[in-house]
Amino acid sequence: ADDSGDEEPASQSDKSELHGPLKTLSSKLEDLSTCNELIAKHGAALQRSLSELENLRLPADSGEKIKAVNERATLFRITSNAMINACRDFLDLAESHSRKWQRLLQHEREQRIRLEETIEQLAKQHNSLERACRGAPGLAAGTASVPSTTKAGSVQSAKGEASDEDEETEYFDAMEDAPAFITVTADPKHHRRSGSNLSGASEGHPEDWNLEDSVFESSNQSSYNESTGKDLLPRKRRRTRIPDKPNYSLNLWSIMKNCIGKELSKIPMPVNFNEPLSMLQRLTEDLEYHELLDKAVKCESSTEQMCFVAAFSVSSYSTTVHRTAKPFNPLLGETYELDRLEELGFRSLCEQVSHHPPAAAHHVYSRRGWTLWQEITIASKFRGKYLSIMPLGAIHLEFHSSGNHYVWRKVTSTVHNIIVGKLWIDQSGEIEIVNHKSKDKCQLKFTPYSYFSRDVPRKVTGVVSDADGKAHYVMSGTWDEKMECSKIVHSSHGSTSTEGKQKTVYQTLSPKVLWRKYPLPENAENMYFFSELALTLNEPEERVAPTDSRLRPDQRLMESGRWDEANVEKQRLEEKQRAVRRRREAEAVEALEEGKDYEGYIPLWFERKVDAVTGELICVYKGGYWEAKDKQEWSVCPDIF
């Protein structure tokens, strides 16, 4: 509401910019018209004078000269008339087009003003709703007490976040988002029920749950290194804090109102909206709970292994709950390595392989028996009140000994309260994890937040089934806290809901925790809510490639709290990248004119291949990086910083 006074001067400025050139053009056209009239007038007078001279009695030689002058004057008159007609045609064309341009510019200006007024109105509605919520403590207390089956702390916290939303927020009805199955915990000691009289029933053996306890129980330990990592070296001491985030104020509305109608990925943003990590480092953060995959290697059953893979896929979202700042967009050719082979058993490499659209390739090898690779392209849409972030691309995971090959895709992330209010993030959608060897599947559903739902906020549910469609495990939990797994001992078809959907009733044994989020470090709220792993990702290391994100100067300046210098450096790097892109485009045009093929940008450490499983074109690691690091041979790396 405070910015509303700035709108009128801006409108007057736009109006002057619109009418100024049109007035100048109109004035020049009037001058041209006047000149045309003068040429026509003086040409006619000259023609009359020459005709009068021709009629006078003059010597013979004078008559010939006058006749020649008269012919030239006639040619001049014809040429002048042709020029006058051409000028008249141009004048008519210019006048008609100027009216057309004026209408188009006026329409665009009205559209922009309408959009600005709409967003400003939304901001006012947000402020009004916030004031109304603060003035009605009884209402807040009443709504927080409704979900009696959930933890009070998590419910109140979620309600507090949602209080910044207004009445136009997209809400989801609780019945529509209810899972398609119901779970009932059974006592294994007294479970003797037969399913022979139930249609579509499937049976499991409770004693199997006890046999598998050795793997599942180990998941409760905080680190794989504590139980089976005897062959790994002691962990290197790494930093546990970074400089506190400066408290710089920034008018978001002054920036966002100039972004309307523009492609988000092409809008230059100051570092004030960033966190001091690149997108490549955020991608590497998916490995924070890598020990889940280390445990999955030990599983003899593919469905049991699927449970750990599902928990791992959910764990990658745990760091996003408080992380509302955006990571730095990597420069083309930028890389990031995380070499923890001696400490944690894996090494990871990311590379930015495309800039428009932005795409990053990622490859992880673990000596514990698994390999993970992916190519992720980020698509985003700004919808005024919220920002939708849609990661595109498949994640591949293969276990060396069994050959089990899992593929899944990420869900949509939504950042709410972009314009006004407290920013908060939600995850929504479905993940289908497929084991392409055994054909096992896991369907995970991320329930979108609903103010009216009695479900636990950030809820995730799913079922692990084999190739025949028989359900073996039920997955349940939240993407910001923990995931549990319950073995199914009996399943049957339940009653039909009012919407005609038949729910399956699963009788399960007591759930076992597969994954639980690590607590955040002390003072995390002043360090961008970084986890212990995130605090170490930008820690300077020796012998890394010259294109590594740790060496990016604007990111380093921001981490040090020197934001003004970081903004200047960010603009320099982006302009340097634009110059390289312009040169590459010029080379492409030149090659096209000469009839030659132009390959374009070629990734350093990855190559494009058609994936045998999905049939998609994907960037896969072609090797050479770690060998180059051992030799410190970085001649192939471009100068991007």
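This section describes the fold, the confidence and the salt bridges of one predicted protein model. Residues are numbered from 1 along each chain as its sequence is written. In this predicted model, local features need pLDDT of at least 70 and side-chain atom pairs count only at pLDDT 80 or more, while totals for chains, interfaces and linings use all residues; side-chain values use heavy atoms, without hydrogens and water.

The protein chain holds 15 helices and 21 strands. These elements are DSSP runs numbered from the N terminus (helices: H or I, at least four residues; strands: E, at least two). Of the 641 residues in the chain, 46% are buried. Buried means under 20% relative accessible area, exposed over 50%, and partly exposed in between (1.4 Å probe, protein chains only). The chain exposes about 33700 Å². Carbon and sulfur atoms supply 53% of that area. Accessible areas come from the Shrake-Rupley method with a 1.4 Å probe; for residues, only the protein chains shown count as cover. A contact means heavy atoms within 4.5 Å. Among contacts between residues at least 6 apart in sequence, 64% join residues at least 24 apart.

Confidence is given by pLDDT, the predictor's score for each residue, from 0 to 100. Its mean over the protein chain is 79. A value of 70 or more is reached by 76% of the residues. Residues 210–214 have pLDDT below 50, and this stretch has 4 contacts beyond near neighbours in sequence. Residues 219–231 also fall below 50, with 22 such contacts in the model. Where pLDDT is low, the predicted coordinates should not be read in detail.

Side chains of opposite charge can pair when their charged atoms come close. A salt bridge is counted when a side-chain nitrogen of Lys or Arg lies within 4 Å of a carboxyl oxygen of Asp or Glu. The count comes to 34. One of them joins E285 and R282, at 3.7 Å from N to O. Both residues are buried. D286 pairs with K410, with the closest N and O atoms 3.1 Å apart. D286 lies in the loop between α9 (279–284) and α10 (291–297), and K410 in the loop between β11 (405–409) and β12 (412–416), so the pair ties together parts that are 124 residues apart in sequence. D286 and K410 are both buried.

Another salt bridge links R578 and E574, at 3.8 Å between the closest N and O atoms. Both lie in helix α14 (residues 563–593), 4 residues apart, about one turn of the helix. R578 is partly exposed, at 29% relative accessible area, whereas E574 is buried, at 19%. Elsewhere, salt bridges that share partners join R238, R340, E343, E541, D548 and R550 into one network.
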